[in-house]
Amino acid sequence: MRILVSNDDGYSAPGLEALVQALQGLGEITVVAPETNHSGASNSLTLNRPLTVRTAANGFVCVNGTPSDCVHVALTGLMDERPDLVVSGINNGANMGDDTLYSGTVAAAAEGYLFGIPAIAFSLVERGWEHIESAARAARSVVERQLAQPLASPVLLNVNIPCRPFEQMGGLQVTRLGKRHPSQPVVRTTTPYGDTVYWIGPVGVAADASPGTDFHAISEGKVSLTPLRLDLTQHSQLDELRGWAEPLCASL
């Protein structure tokens, strides 16, 4: 088995190192990760400059680009053989609900999914790396299950892991994405030169944390496992839109 591992926190992040260590023995592991932290980069690709690739002191390959860049370059230019699985993480913080739209961790996995490769994104829901070894142990269990019994079609899984000792985790639950309230306001400050600058504010609290959501599973100490898709079409609106657009269809 061949496993490609990436993340968005950068090649030296403790979460990446813990994940790679946990996956030892499951197959041939290739690590291609960003040179610097790219949290919130979403699915962006770098198209306005060339990318450089180097091998870091820890043996991981790093790219001076986004998480999507890393997986794209690995799949189309670095790896001689197609991997059986793309794994991303372990992220320093949750990627639940609306977070998935912005997440570089999910984006790295999604890039593999776009190439038709099963992909899994892992996140530790509290920042600071506490219990990262327990999170890595949980991640290995999910990867082992996928390798032992691959899901029938290319799949993109989003896994959030509670920040607690492995023995205190409440099991795993298959969930849907919850929803957050809008983010808190930007933080305005001034540079030493008198220029006004803005920091994006913290994420909002959960607006939908009802049973069945990733937020609810985490609140009960469970690992949350959510299948994602990248089809952005609002299928339920197609028939209404056809009628709405009919005058335009005839005149344009």
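**Entry 1: Asp8**

I started with the contacts of Asp8. Setting aside residues up to four places away in sequence, Asp8 touches Pro34, Thr36, Asn37, His38, Ser39, Gly40, Pro67, Asn91, Gly104 and Thr105. I note here that the model is a predicted one. I then looked up where Asp8 sits, and found it in the loop between β1 (2-6) and α1 (14-22). Is Asp8 buried or exposed? Its relative accessibility is 2%, so I put it down as buried. The side chain of Asp8 reaches the backbone nitrogen of Gly104, at 3.5 Å.

**Entry 2: the annotated binding site**

Next I turned to the record. Which residues does the UniProt annotation "binding site" cover? The unreviewed entry lists Asp8, Asp9, Ser39 and Asn91. They are spread over 84 residues of sequence, yet they cluster in space, with a largest C-alpha distance of 8.9 Å. I checked them against the largest pocket, and its lining includes Asp8, Asp9, Ser39 and Asn91.

The annotation "domain: Survival protein SurE-like phosphatase/nucleotidase" covers residues 3-182. Over residues 3-182 I read 29% helix and 23% strand. The end C-alpha atoms of that stretch are 36 Å apart.

**Entry 3: Asn91 and its strand**

I followed Asn91 next. Asn91 is found in strand β5. With a relative accessible area of 6%, below the 20% limit, Asn91 is buried. Residues up to four places away in sequence aside, Asn91 touches Asp8, Asp9, Thr105, Phe122, Ser123, Leu124 and Trp129. Which side chain does the side chain of Asn91 join in a polar contact of 2.9 Å? The partner is Thr105.

I looked at the peptide bond between Gly89 and Ile90 and found it cis, with omega at about -5 degrees. I made a note of this because most peptide bonds are trans.

**Entry 4: the largest pocket**

How much space lies in the largest pocket? I wrote down about 680 Å³. The lining counts 25 residues, and Gly40, Ala94, Asp99, Tyr102 and Val203 lie nearest the centre. The elements giving two or more residues to this lining are β5 (85-92) and α3 (99-102). By type, the lining divides into 7 nonpolar, 12 polar and 6 charged residues.

**Entry 5: the second largest pocket**

I went on to the second largest pocket, which holds about 500 Å³ of space. Here 20 residues form the lining. Nearest its centre I found Thr100, Leu101, Leu177, Arg229 and Leu232. The elements that give two or more residues to this lining are α3, α4 (104-114) and β13 (223-228). The split by type is 10 nonpolar, 6 polar and 4 charged.

**Entry 6: positive phi**

I then looked at backbone angles. Ser42 is not a glycine, but its phi is positive, at about 55 degrees. Ser42 is found in the loop between β2 (28-34) and β3 (53-55). Its relative accessible area is 18%, so Ser42 is buried.

Trp129 also has a positive phi, near 75 degrees. Where does Trp129 lie? I found it in the loop between β6 (119-124) and α5 (132-148). Trp129 is also one of the residues that Asn91 touches.

**Entry 7: Thr66**

Thr66 lies in the loop between β4 (61-63) and α2 (67-78). At 6% relative accessibility, Thr66 counts as buried. Leaving aside neighbours within four places in sequence, I listed contacts with Pro34, His38, Ser44, Leu45 and Thr46. Which backbone oxygen does the side chain of Thr66 reach at 2.6 Å? The oxygen belongs to Ser44. I also checked Thr66 against Ala107. The two are 41 residues apart in sequence and 9.2 Å apart in space, C-alpha to C-alpha.

**Entry 8: His216**

Buried or exposed? At 19% relative accessibility, His216 counts as buried. Beyond its neighbours within four places in sequence, His216 is in contact with Ala209, Ser210 and Pro211.

Methods. Residues numbered from 1 in each chain as written. Predicted model: local features only at pLDDT ≥ 70, side-chain atom pairs only at ≥ 80, totals over all residues. Heavy atoms only, no water. 1 Å grid on protein atoms, 1.4 Å probe; cavity = no way out; pocket = protein on both sides within 12 Å on 5 of 7 lines; lining within 4 Å. Points joined across faces, edges and corners; volume = space filled by probe spheres on them. Helix = DSSP H or I, 4+ residues; strand = E, 2+ residues; numbered from the N terminus. Nonpolar A, V, L, I, M, F, W, Y, C, P; charged D, E, K, R; others polar. UniProt positions renumbered as here; feature names shortened; annotations may be inferred. Buried < 20%, exposed > 50% of the residue type's maximum accessible area, 1.4 Å probe, protein only. Contact = heavy atoms within 4.5 Å. Polar contact = N/O pair within 3.5 Å; in protein donor to acceptor, adjacent residues only side chain to side chain.
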